[in-house]
Amino acid sequence: MDILSLFVVVPVITILALFLAKGLKQSRIVAMAGSLVQLAMAFHLVYAYVKERAINDDIMVFMRDVVWYEDFNIHYAIGVDGISVALITLTAIVVLAGVFISWMMEDLPKEFFVSLIVLATGVYGFFISIDLFTMFVFYEIAVIPMYLLIGIWGTGPKEHAAMKLTLMLMGASAVLLVGILGIYLNSNADGGPLTFNILEIAQVNIPFAAQQLFFPLTFIGFAVLGALFPFHTWSPDGHASAPTAVSMLHAGVLMKLGGYGVFRVAMFLLPEGAMDWSWFFIILSATGVIYGALGAVRQTDLKYINAYSSVSHLGMVLFALLMLNKTAWTGAILQSLSHGFMTALFFALIGMIYGRTKTRDIYKLGGLLKVIPFISVVYVIAGMASLGLPGFSGFTAEMNIFVGAFQHTDMFHRVATIVSISAIVVTAVYILRVIGLMLMGPVKSEFKDLPKVRWYEVTGILLLLIPITALGVAPLWISDLIMESIKPFIQGVIQ
Amino acid sequence: MSFSSLLIMRHEMLLLVLILLLIAGEIFIPKHKKSSLVHLAIFLFGIHTAVGFLPADTETLFGGSFRTNDMIHLFKNILNVGVLILLLQSADWITDKLIGAEKGTEFFILLFSSLLGMYFMISAGDFLMFYIGLELSTLPVAALVAFDAGKRKSSEAGVKMILSAALASGISLFGISLLYAATGSIYFDVMAISMTSSSLSILGFVLFFAGLGFKISLAPFHFWTADVYEGAPIPVASFLSVISKGAAVFILLILMFTVMRPLIDAWQNMLYAIAILTMTIGNIFALRQKNMKRFLAYSSIAQAGFILLGLIAGTQLGASSIIYFVLIYIFSNLAVFGVVQAISNKTGLEHMDDYNGFYRTNPMLSLIMLLGLFSLAGIPPAAGFFGKFFLYTAAASEGYYLLVFLAVVNVTISLYYYLIVLRAMFIRTNDHPIPYFKNSLYMRLGLALTVIGILAIGMYSPIYEYIHSISSLLN
Amino acid sequence: MILGVSIYEILSLTTILFFIGIYGFFTRKNLISVLMSIELILNATVINFVVINKYMFPEKLEGAIFGIFIIAVAAAETALAIAIIINLYRQITSVEVDDTTTLKY
Amino acid sequence: MNFSYTILIPLIPFVVFLILGLNHKRIKPAVSGYIGVFGLMASAFLSYFTAYKYFFTVPKIDGIYQQITHKTVWMNFTDTLHIDMGVLIDPISIMMLIVVTTISLLVHIYSRGYMKGDPGYTKFFAFLGLFTFSMLGLVLATNLFQIYIFWELVGVSSFLLIGYYYTKPSAIIAAKKAFIVTRFADLFFLIGIITIGFYTGTFDFETLNDPTGEVITNWASTSFMGLSVLTWALILIFIGGAGKSAMFPLHIWLPDAMEGPTPVSALIHAATMVVAGVYLVARLFPMYYFIEDGFALNIVAYVGGFSSLFAAIIAITQKDIKRVLAFSTMSQIGYMMMALGVSGYDGHEGVGYMASMFHLFTHSMFKALLFLGAGSVIHAVHSNMMGDMGNLKKYMPITNITFLIAAFAIAGVPPFAGFWSKDEILVAAFEYSKPLYAVGLIVAGLTAFYMFRLYFSIFHGKKTAYKHTPHEAPASMTFPLLFLAVMSVVAGFIPFSNFVTANKEPFEAHLNYPLAAIAVATGLIGIILAYVFYKNPTEYPAKCRKAFGSFYKWAYAKFYMDELYFFVTRKIIFNCVSQPIAWFDKNVIDAFMEGIGSGTLKASEKTKKMQSGYFQDYAMAFVGGVVVISIVLIYIFKN
């Protein structure tokens with residue numbers, strides 16, 4: 001068994017083991033063990049990847065190719081580069097943190113963890129796939145558990161939110177499907193066989209007309225998951241209703257599939273289409289960046305604030321991807337990672353606050369710094385990371401994006417870039433608004449005695465906080481790792 | 001007629017023997033032991049199914065009226081497996097409801113006769129055989145629909161079914177007569193050669209197609225479906241939606257790809273419209289259904305629309321993906337019908353709201369339902385995803401991107417109502433949920449087979465590859 | 001082959017017959033009458049087959065045989081339909097179309 | 001010469017921050033105070049050592065001080081563009097090191113007394129450590145991006161310290177305001193940095209500032225709207241600096257920032273952080289000076305001059321002692337900016353630059369002293385308002401004396417430190433432009449007046465009855481006062497032009513006696529007026545107030561700048577942009593998406609009637625379908 005397939009096999013084993021487990025105690029132990037193994041594997045993968053990269057010059061390493069459906073030339077083809085390795089590690093960390101945060105999941109614990117790990121399986125599979133079909137399969141596997149996760153364990157108008165989220169995402173994947181089919185059916189443009197293999201398609205010169213037609217489909221299909229304006233409305237409602245760990249996983253990991261897919265499929269395979277359409281999507285994504293930030297300013301529900309903030313931050317990812325250069329792309333991937341950790345941390349904290357105070361309305365909360373100092377301090381740190389404070393991951397990502405975006409000298413790109421950059425001020429406004437209203441201020445009488453933070457919560461928080469800081473303090477290693485992997489892709493675009 | 005020609009008609013002969021044995025059983029088995037008849041029937045049919053998988057030759061009989069090859073053989077096997085699962089799932093219902101009313105054997109005989117009709121229909125080499133097979137497959141089902149003799153709904157459904165079916169077959173026959181006029185023959189082989197794209201043959205074709213469209217329940221020939229499903233006993237509705245529809249799709253596939261091939265320009269345009277109409281109407285109507293049977297009726301209408309995607313392509317890829325899809329559809333739909341039936345048998349409840357909180361009392365059944373619905377909705381890793389994907393590929397490879405797009409939009413709509421069922425089972429809670437119940441061995445076996453089918457058909461690619469290789473026999 | 005009568009006239013007749021059947025199917029309020037309309041349709045078809053066979057392709061008897069089979073099957077069909085209608089009648093003591101509309105929407 | 005150990009200067013406070021921050025519940029207050037103080041002592045010692053080593057042991061090349069850098073790549077943007085982390089040793093960075101470590105050390109010592117008994121004692125020291133670290137990192141930065149990084153960190157530590165009393169609503173608002181306003185300015189700074197990076201291919205100060213280098217000789221290569229892009233970039237960077245240094249119109253956060261504990265105000269909002277903008281311009285001085293013949297530098301000069309006048313006028317009217325000091329700070333920084341703006345480059349022409357740095361140095365000493373003195377007073381009186389004070393000289397002799405020394409220093413009375421530096425600034429301004437000189441002179445007079453107004457109202461004036469009898473502060477607080485008082489006297493005698501000059505080449509500065517006499521006279525007039533007005537309670541202030549009427553009211557209301565900002569942010573951005581967006585999102589975009597769903601459901605209900613239950617209707621659909629399809633196929637498609 002190759003190391004990559006293990007990322008699918010281990011979760012599946014965990015799921016099977018979970019079916020045997022009884023009650024909360026066993027389920028969470030099993031889930032934790034499974035996720036720990038995943039995390040260990042992720043770290044090992046990083047190590048192995050770096051070692052392999054030193055001697056291997058291919059675009060992807062650890063490749064494995066098993067024919068699945070011969071008639072369609074569908075393969076179970078896997079392989080990773082620096083980007084997928086980084087995102088896999090992100091996933092492993094967030095999943096483990098999610099398990100810890102859900103340590104006290106009383107209602108149907110087994111099912112909860114099963115759904116959570118099904119989701120994780122899909123995400124892992126998506127990141128390791130280099131076959132479009134396999135990728136799409138994993139994509140759907142990752143998306144669909146959200147329905148049950150939000151529906152069963154959510155709060156508020158959960159049924160509606162779950163339905164809306166699922167339908168919008170599946171609607172997007174419908175669009176995506178057409179795009180993928182279009183790519184597939186044009187993959188013989190140079191006379192070769194039809195293929196789903198990304199690396200092989202990248203060698204093919206897909207006719208311009210086809211690129212023009214299928215790029216927007218593929219882009220939108222993926223980008224809806226990345227909360228592209230104006231298709232982002234599932235995200236606030238969905239996140240507001242979702243249970244903590246689900247919000248974490250969804251915003252932290254699942255939404256990354258969007259950017260990753262755009263990068264790996266839409267941009268890589270349809271570079272001419274990307275260039276042809278980039279102006280349009282730049283408008284959308286730049287709007288999303290500033291719109292999400294401004295939208296967050298007037299929200300009162302913590303989760304809504306964070307959801308709109310995600311719209312803004314992920315808009316930045318798409319924006320960066322559309323800049324079609326190495327620096328911006330590195331920034332996009334870094335932003336994906338950074339946002340993944342950050343927003344997961346946010347949702348974890350929001351979950352803890354909500355669990356203690358039973359409200360997420362920032363006007364009802366106040367003075368939490370005094371009562372639950374640990375959570376509040378981490379919230380401040382997360383907030384600072386979110387507004388791009390140096391020393392945290394957000395900064396390195398955003399700087400790459402801005403510097404990259406600035407490489408375009410024409411007026412249109414300049415304006416879009418400056419609009420996006422200006423979001424960092426708005427971000428500061430809404431982050432500080434939350435901090436000021438919720439954490440600072442006099443302690444409210446109803447929140448005098450809130451339970452202290454527990455060990456599993458601390459573990460979950462630290463799991464997320466450490467990478468945020470590490471990425472922010474010492475970005476060189478990871479950014480070079482990513483940049484190295486981007487090179488073959490950017491060459492495709494330049495050609 | 002030599003012995004070897006009997007072997008060629010192996011399926012038909014065995015099934016006939018089976019029917020006769022059951023008649024004998026009806027006569028000789030004493031009244032208080034009649035329930036053993038169920039075991040006997042299922043056992044015998046199991047053997048029949050197993051024997052069906054033995055390899056067969058490519059032959060024709062009766063001067064070309066009857067023909068068989070590996071593909072037709074496969075069709076029959078697929079139908080057999082479906083019927084077997086259906087029988088396993090309905091065993092309880094038959095034992096409880098029918099044996100007591102001394103109607104058990106009749107049920108089997110009617111069911112098997114209908115299946116026999118389908119065999120002939122699929123194997124038909126001319127329109128006469130086709131027509132006889134069609135009628136033989138339809139009429140017993142009409143009787144079965146009205147089988148709940150004490151229930152008004154059942155009788156009403158029966159009336160609607162038989163009258164609509166009669167009209168459909170009448171129109172279809174009129175069409176066949178026109179085709180006969182246009183080509184001078186009723187033999188498929190001859191017609192395929194002499195068929196031209198004249199107005200007469202197009203008119204004949206459309207009239208004829210309506211008859212099969214009725215069986216597959218394509219819009220606008222679908223209206224009977226929901227009423228009949230609702231009124232019919234669940235096993236019969238299940239049979240209608242799965243086996244009957246499957247058989248009709250198979251023969252339609254054969255006819256379209258061989259006899260009607262010269263009219264391809266005409267029917268591609270027609271199917272384009274019908275596919276969209278069928279999917280959309282099925283979905284739109286399904287959205288508001290609360291009765292499970294009625295809900296599944298519309299769902300099955302929508303599913304039929306997808307089948308047309310492969311048909312439109314008109315390629316081998318299209319053919320193989322249709323066969324594959326029907327196979328998956330049979331398993332998926334049987335899984336869903338099986339659960340509905342299990343619940344209905346124990347509690348008599350068929351309303352969606354009664355399912356609220358079902359997961360918390362009966363997790364296994366709910367999970368099977370989930371799997372079945374996901375397969376119908378086309379969510380991986382359930383097989384339905386693969387079936388649909390290949391259909392899309394088939395259509396898209398002929399350039400029907402817009403159609404594929406509309407189809408996937410429809411899938412999203414369909415996902416909504418499938419999720420509604422899951423919402424009831426998993427998300428909603430109920431003060432008085434359906435209590436936990438244990439299913440009989442037959443039921444469990446029937447459901448287990450569907451689960452295995454749903455999971456294996458998609459993930460295990462040799463099944464598709466076999467179908468693909470065999471579908472070349474069409475041309 | 002009937003002297004002085006061309007195939008067009010007969011086909012016109014059968015077509016009219018066919019549509020009378022259709023019309024009857026649409027408009028009759030009694031289930032039995034509806035059944036009778038179907039018979040008209042089938043009869044039109046049978047005549048079609050026979051006439052086409054006789055006028056156009058007289059060398060083989062395919063159409064005529066088809067016609068015979070249709071007659072036979074139609075009988076079976078009618079019998080079954082009557083049986084089901086009677087079954088319904090036993091429950092609601094009516095054979096009116098208006099009484100068969102409880103299943104809808 | 002190896003100066004890489006200087007990295008320890010910022011790192012020691014950072015370690016202190018980590019130790020105290022991570023263990024703030026476990027470490028006892030007494031211990032944490034010592035950890036902070038000793039950490040800073042080590043840093044300060046290293047700074048002094050570095051200064052000695054640099055100025056006296058490193059040989060000059062052609063009479064020019066060398067620039068020494070040690071750096072390592074922190075992050076790559078492109079093959080050529082990258083962020084480095086490292087230390088840059090040159091005269092101004094050394095001067096700043098001394099300022100920052102000295103003041104920070106004194107504030108640490110002072111805080112041990114001032115913050116005694118505060119529940120967040122350890123946390124406070126942790127924050128101080130964080131701030132010192134960031135400020136030192138900023139000072140030592142080798143490139144624009146590094147400076148930006150620490151710039152932001154400084155901002156956030158300022159935010160944390162202003163919001164130190166986080167249960168107090170006014171402190172929260174002040175902290176938020178400080179952060180957001182400076183961040184708004186930083187936005188321009190960032191764009192400026194990126195512009196420079198893009199057009200010059202480097203962020204590195206060494207390359208950028210080389211007067212013979214590619215960047216400066218080739219500035220005209222790309223232009224945008226009539227100006228060189230580099231000029232634009234420099235203007236943008238100056239906006240960033242103006243934000244941090246509270247230049248008009250980005251000054252509004254500074255007075256509110258006084259909500260923080262007084263030692264913080266002394267350290268951050270008087271002596272170190274607020275001069276970062278000045279430091280930034282000084283750091284890029286060759287660029288400012290050479291590119292487009294100093295176009296951007298002119299802007300610096302005029303903004304500086306205007307701000308200093310503007311702030312001085314407001315300072316006269318304020319009643320809160322810390323606000324008076326805050327506006328005074330703003331005014332003095334404006335002075336420094338103006339000095340930079342009017343400076344030349346070579347030799348004696350660069351006197352403005354030298355004066356600016358000199359003033360930065362002396363100002364940090366006496367302004368810190370003023371703040372710490374004010375802190376001591378506030379500590380004793382438990383109020384910030386002048387009205388609650390009076391005649392404190394009786395109770396607080398040391399504070400009184402030191403405060404007086406500082407007041408003399410800032411008023412420019414010889415031989416106190418302020419005199420020397422201010423004089424040089426006026427000389428530079430005089431040579432550059434007479435109106436600016438006039439502004440400088442007026443400000444000098446106003447400064448003397450408001451400072452002594454402050455002094456007299458606090459330490460003299462009416463005999464106030466105090467609830468608790470005020471008493472002199474403990475030794476930990478008076479020691480820094482005394483130390484700074486000494487510095488305020490002697491700092492002026494440092495031959496600054498031997499160390500810090502625009503082109504790093506020492507020159508001899510001479511006192512310009514006529515100008516000095518005029519300046520001193522102006523200062524003395526201010527002092528005398530203040531004496532007359534405020535030594536004892538008199539009618540004059542009220543009369544003056546009446547005489548100036550609405551102008552006084554405007555000045556007292558800080559010219560309604562806060563209200564203007566408030567209007568723009570709350571009324572326009574919140575209500576006219578953000579609120580509509582929230583509405584738009586909910587009622588247009590989301591409603592559209594929801595509408596697709598509910599529309600489909602509605603369609604489902606509407607079409608219900610199609611399934612009427614009459615099988616004859618079904619048959620009609622059936623036959624109708626057949627007919628339509630036939631017609632369409634035969635007549636439309638069959639061709």
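Trainee: Is H4(D) largely enclosed by the rest of the structure, or largely open?

Mentor: This is a predicted model. A residue counts as buried if 20 or more other C-beta atoms lie within 10 Å of its own. In H4(D), 20 of the 20 residues are buried, so the helix is largely enclosed.

Trainee: How far apart are the end C-alpha atoms of helix H4 of chain D, and why does that agree with its 20 residues?

Mentor: Helix H4 of chain D covers residues 121-140.

Trainee: Which element supplies the largest share of the side of chain D that touches chain A?

Mentor: The contact takes 38 residues from chain D and 41 residues from chain A. Strand S1 (68-76), helix H5 (144-162), helix H6 (169-200) and helix H24 (561-606) of chain D each give two or more residues to that side of chain D. The largest share is 13 residues, and it comes from H6(D).

Trainee: How many residues on that side of chain D are nonpolar?

Mentor: The side of chain D that touches chain A has five charged residues and eight polar ones. The nonpolar residues there number 25.

Trainee: Which helix gives the largest share of the side of chain C that touches chain B?

Mentor: Here 35 residues of chain C contact 33 residues of chain B. On the chain C side, H1 (7-27), H2 (31-55) and H3 (62-92) each supply at least two residues. The largest share, 17 residues, belongs to H3(C).

Notes. Residues are numbered from 1 along each chain as its sequence is written. Chains are lettered from A and ligands numbered from 1 in the order in which they are written. This is a predicted model: local features need pLDDT of at least 70, side-chain atom pairs count only at pLDDT 80 or more; totals for chains, interfaces and linings use all residues. Two residues are in contact if their C-beta atoms, placed from the backbone, lie within 7 Å. Helices (H or I, at least four residues) and strands (E, at least two) are DSSP runs, numbered from the N terminus. The expected span of a helix is 1.5 Å times one less than its number of residues. A residue is buried if 20 or more other C-beta atoms lie within 10 Å of its own, exposed if 12 or fewer, and partly exposed in between; C-beta atoms are placed from the backbone. Ala, Val, Leu, Ile, Met, Phe, Trp, Tyr, Cys and Pro count as nonpolar, Asp, Glu, Lys and Arg as charged, and the others, Gly among them, as polar.
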